[in-house]
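Please read the points below with the model open beside you.

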Amino acid sequence: MPKLGRGASKKAKRARMKAEMHKFKHGSLHSGSKKGPVVKSRRQAIAISLSESGQSKKRRKKHR
């Protein structure tokens, strides 16, 4: 599935996040591509799902 862009709705992003975590729980989430190794780390699964749903690119305020 292609990654969601910045213009995607919040509902679509949540659905993508849920789908990716579902893959992780069932042992079918791969790192990189389908031929890559199966993800076993929950942290890595969260990072992949955030990236796929386009939420990892949120801009944050800089603290001074």
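1. Ala, Val, Leu, Ile, Met, Phe, Trp, Tyr, Cys and Pro count as nonpolar, Asp, Glu, Lys and Arg as charged, and the others, Gly among them, as polar. By that scheme, the lining of the largest pocket has three nonpolar, five polar and four charged residues.

2. The model is predicted: local features need pLDDT of at least 70 and side-chain atom pairs 80 or more, while totals for chains, interfaces and linings use all residues. Residues are numbered from 1 along each chain as its sequence is written, and side-chain values use heavy atoms, without hydrogens and water.

3. A pocket is an open set of points on a 1 Å grid over the protein atoms alone, where a 1.4 Å probe fits, with protein on both sides within 12 Å along at least five of seven lines; lining residues have an atom within 4 Å of a point. The largest pocket holds about 220 Å³ of space, a volume being the space filled by probe spheres set on the points. Its lining comprises 12 residues, with E20, L29, H30, G32 and E52 nearest the centre. Helix 1 and helix 2 each give two or more residues to this lining.

4. G32 sits in the loop joining helix 1 (10–25) to helix 2 (42–53); helices are DSSP runs (H or I, at least four residues), numbered from the N terminus.

5. A8 belongs to the segment before helix 1. A8 is partly exposed, with a relative accessible area of 25%. A8 and G54 lie 46 residues apart in sequence, and their C-alpha atoms are 8.4 Å apart.

Terms used. Buried means under 20% relative accessible area, exposed over 50%, partly exposed in between (1.4 Å probe, protein chains only).
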